[in-house]
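Subject: Structure handover

Hello,

Here is the structure I promised you. Please open it first, then read my notes below it.

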Amino acid sequence: MANVYVLDHPLIQHKLAIMRDKATGTKEFRALVNEIAGLMCYEATRNLPTVDVDVETPICTARCKMLAGKKLAIVPILRAGLGMVDAMVDLIPSAKIGHIGLYRDPETHEPVEYYCKLPEDIGNRQVYVVDPMLATGGSAVAAIDFLKQHGCKSIIMMNIIGCPEGIKRVNEAHPDVDIYMAACDEKLNDHAYIVPGLGDAGDRIFGTK
Ligand code: PRP
Ligand code: URA
């Protein structure tokens with residue numbers, strides 16, 4: 001069974017409280033998504049393998065550590081996942097980026113795919129799927145299905161807010177995928193929105209409502 005990490009760091013929780021506030025406008029909301037994604041990235045990359053290297057400092061030779069192992073890829077689920085990409089690329093500039101476009105059908109709440117473009121060597125990369133919201137889990141499962149069809153073997157999911165229903169669905173379909181989130185909220189409402197949540201993440205990031 002996969003691990004679920006809820007990142008209860010005070011800085012993350014403070015920023016998330018402001019994001020949830022319905023009075024927070026688009027400009028600030030977008031900045032907060034970015035800031036939280038950067039802080040989460042720090043934790044979600046904690047177990048990346050390193051290799052010892054010798055570095056010549058101005059004083060002497062220092063035994064240091066640098067990243068080793070698989071190269072990384074960041075895969076946002078469009079649209080809202082785009083809001084988490086810049087902060088991650090700032091920290092991991094060599095990462096490649098794939099895009100998976102999914103929207104939830106308003107009636108069935110099931111994901112509908114409309115775009116996909118992945119790095120050619122995605123199957124050899126450590127993949128971070130990013131999306132602020134894990135609600136029913138349908139979008140996350142569809143994205144991970146798709147990545148596995150493209151040969152991905154090592155996938156980590158990063159969400160800002162999740163809920164028990166979404167975690168269960170991802171865990172059942174993909175028990176090998178660890179999930180990092182800033183909060184696990186209480187439940188879904190009748191429209192499959194997370195409660196208390198923050199509303200529609202895509203609309204709040206892009207100002208479309
Ligand atoms: C939101 C969110 C996730 C999805 C989560 O996207 O960004 O992708 O819903 O819901 P699920 O877990 O029930 O699948 P949405 O479909 O609203 O599209 P958008 O990002 O274009 O706004
Ligand atoms: N998508 C969102 O943007 N918010 C939710 O609460 C659920 C799905």
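First, the ground rules. This is a predicted model, where local features need pLDDT of at least 70, side-chain atom pairs count only at pLDDT 80 or more, and totals for chains, interfaces and linings use all residues. Residues are numbered from 1 along each chain as its sequence is written, chains are lettered from A and ligands numbered from 1 in the order in which they are written, and side-chain values use heavy atoms, with hydrogens and water left out.

Start with the largest pocket. Its volume is about 600 Å³. The lining has 28 residues, and the closest to the centre are Tyr103, Arg104, Ser139, Tyr193 and Asp200. A pocket is found on a 1 Å grid over the protein atoms alone: it is an open set of points where a 1.4 Å probe fits, with protein on both sides within 12 Å along at least five of seven lines, and lining residues have an atom within 4 Å of a point. The volume is the space filled by probe spheres set on the points, which are joined across faces, edges and corners.

By type, the lining has 15 nonpolar, eight polar and five charged residues. Here Ala, Val, Leu, Ile, Met, Phe, Trp, Tyr, Cys and Pro count as nonpolar, Asp, Glu, Lys and Arg as charged, and the others, Gly among them, as polar. E4, E6, H4 and helix H6 (201–206) each supply at least two lining residues. Helices (H or I, at least four residues) and strands (E, at least two) are DSSP runs, numbered from the N terminus.

Ligand 1

Where does ligand 1 sit? Ligand 1 is in the largest pocket; to sit there, more than half of a molecule's atoms must lie within 2 Å of the grid points. The elements giving two or more residues to its shell are strand E4 (72–78), strand E6 (99–104) and helix H4 (138–149). E6 gives the most, with three residues.

In total, 17 residues surround ligand 1, and Arg104, Asp131, Thr136, Gly137 and Ser139 are the closest. A residue counts if one of its heavy atoms lies within 4 Å. The shell holds eight nonpolar, five polar and four charged residues.

Now the polar contacts (pairs of N or O atoms within 3.5 Å). A polar backbone atom of Gly137 is 2.8 Å from a ligand 1 oxygen. The protein covers 92% of the 500 Å² of accessible area that ligand 1 has on its own. Such areas come from the Shrake-Rupley method with a 1.4 Å probe.

Ligand 2

Ligand 2 also sits in the largest pocket. Among the residues around it are Arg104, Met133, Tyr193 and Asp200. Its shell has six nonpolar, one polar and two charged residues. Backbone atoms of Ile194 and Ala201 each lie 2.8 Å from an oxygen of ligand 2. A nitrogen of ligand 2 is 2.8 Å from a polar backbone atom of Gly199. The protein covers 89% of the 230 Å² that ligand 2 has on its own.

Backbone spots

Which peptide bonds are cis? Leu78 to Arg79 is cis, with omega near -10 degrees. Val195 to Pro196 is cis too, with omega about 0 degrees. Pro196 lies in the loop between strand E12 (194–195) and H6.

Best wishes

Definitions and conventions. Polar contact = N/O pair within 3.5 Å; in protein donor to acceptor, adjacent residues only side chain to side chain.
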